[in-house]
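Please consult the sequence and the structure together while reading.

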Amino acid sequence: MVENQKTLARAGEIEGVGLHSGRRAWLRLTPSGPDSGIVFARRDCGGFEIPAIHRYLKGTSFATTLARGDMVVSTVEHLLSALQGLGIDNARIEVDGPEVPIMDGSALPFVDLIRAAGVRSLGARRRYLTVRRPISLKDGEREILAVPANDFQITYAIDFPHPAIGYQAVTASISEGAYVASIAPARTFCMLRDVQAMRQAGLALGGSLENALVIGEDGVMNASLRYADECVRHKVLDLVGDLALLGAPLRAHVIATKGGHRLHAALIGKLLASQGSWSLGTSEELLPAAHLAQFAHLSEKLVRSRVALTA
Ligand SMILES: [Zn+2]
């Protein structure tokens, strides 16, 4: 079946605090036309636009920041993850400051916002970015690999030297149902000692147990977890959001171990620079099974036991 591009049916807005500034942050999602992509607009600066594509990626420490000239918008990844997870190709996001509100530290409030606004199909074909040849990157123990596939799958493993986290690994086909049920609600997490260091550096001023899982010496300080393996699920959420910077929905199996925003961004940069390793095509243009079979063994690499996430 031929798939068309989607946007929102109506506008919707949401308000919260900026994770780093601790100040009130507001945003408004509005529908936009075919091939316009996801674009941020700084309403406090005359509507200055920053497209959500890899070219404008500025920083990846603690959160994903986009910049065009002197103008920035940061902590974009959870909102981009929700848009990608729900298949929104085109939207304009007005913000009234440099940060997207952190909300509860997950993508769920943005999923609810998009669903309340509704989704509308546009009269133009969706174009997928399909990985045709494997791309991999290694940085010490951190490793990431994109393997050719005719759908979008993620396998992720983390191994934190803390008894409250330890080894966690999941694999998921990123369908809308699986995304909403198993990934979007997973909250960001941090170590208490890192929070103390960030506060001293003037960062994470808006951070609290309301918008992050905080891991202290004795374990998780929040009242409860949403999933036993909430931390690795949040890594999947972040990767979905970072991959939105490709500017087109992805068809590949991405396998990451001990990754983070920096490794995700490095993969995107390497992939985009490796012309011939990917192509753009409509939903009907699939890779032949014999081509995929050559790389099937790679999908088993990197990650030992893992839990399959479904809707
Ligand atoms: Zn995150």
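Does Ala204 count as buried or exposed? The model is a predicted one, and in it Ala204 has a relative accessibility of 6%, so this residue counts as buried, the cut-off for that class being under 20%. Ala204 sits in the loop that runs between α4 (192–200) and β17 (213–216). Although Ala204 is not a glycine, its phi is positive, at about 55°.

A positive phi is also found at Lys258, likewise not a glycine, with a value of about 55°. The loop that holds Lys258 lies between β19 (250–257) and α6. Lys258 has a relative accessible area of 21% and is therefore partly exposed.

| Residue | Relative accessible area | Class |
|---|---|---|
| Ala204 | 6% | buried |
| Lys258 | 21% | partly exposed |
| Ser305 | 53% | exposed |

Ser305 belongs to the loop between α7 (289–293) and β21 (307–309). Because its relative accessible area is 53%, Ser305 is classed as exposed, a class that begins over 50%. Leaving aside residues up to four places away in sequence, Ser305 touches Tyr167 and Ala169. Ser305 and Ala9 are 296 residues apart along the chain, and their C-alpha atoms are separated by 41 Å.

**Domains and cores**

The protein chain is divided into domain 1 (4–125) and domain 2 (128–309). Between the C-alpha centres of domain 1 and domain 2 the distance is 20 Å. Their contact takes 34 residues from domain 1 and 39 residues from domain 2.

In soluble globular proteins, nonpolar side chains tend to be buried together. Here the largest nonpolar core has 70 residues, of which Leu27, Phe40, Tyr179 and Leu250 touch the most other members. Helix α5 gives the most to this core, contributing seven residues. Each of domain 1 (4–125) and domain 2 (128–309) supplies at least three residues to this core. Among the residues that Tyr179 touches, not counting those up to four places away in sequence, are Ser81, Ala107, Val111, Pro185, Leu237 and Val240. A second, separate core consists of eight residues, including Leu145, Ala157, Phe295 and Val303.

His78, in helix α1 (residues 77–85), and Asp238, in helix α5 (residues 230–243), are 160 residues apart, and the pair links distant parts of the chain. His78 and Asp238 are both buried.

**Helix α6**

Helix α6 (residues 261–273) has 13 residues, which at 1.5 Å a residue should span 18 Å. The expected span is 1.5 Å times one less than the number of residues. The end C-alpha atoms of α6 are 18 Å apart, so the model agrees with that expectation. Several residues of α6 are buried, namely His261, Leu263, His264, Ala265, Leu267, Ile268 and Leu271.

Technical notes:
Residues are numbered from 1 along each chain as its sequence is written. This is a predicted model: local features need pLDDT of at least 70, side-chain atom pairs count only at pLDDT 80 or more; totals for chains, interfaces and linings use all residues. Side-chain values use heavy atoms; hydrogens and water are left out. Helices (H or I, at least four residues) and strands (E, at least two) are DSSP runs, numbered from the N terminus. Buried means under 20% relative accessible area, exposed over 50%, partly exposed in between (1.4 Å probe, protein chains only). Contact means heavy atoms within 4.5 Å. A nonpolar core is a set of buried Ala, Val, Leu, Ile, Met, Phe, Trp, Tyr and Cys residues joined through side-chain atoms within 4.5 Å. Domain bounds come from an automatic or database domain assignment.
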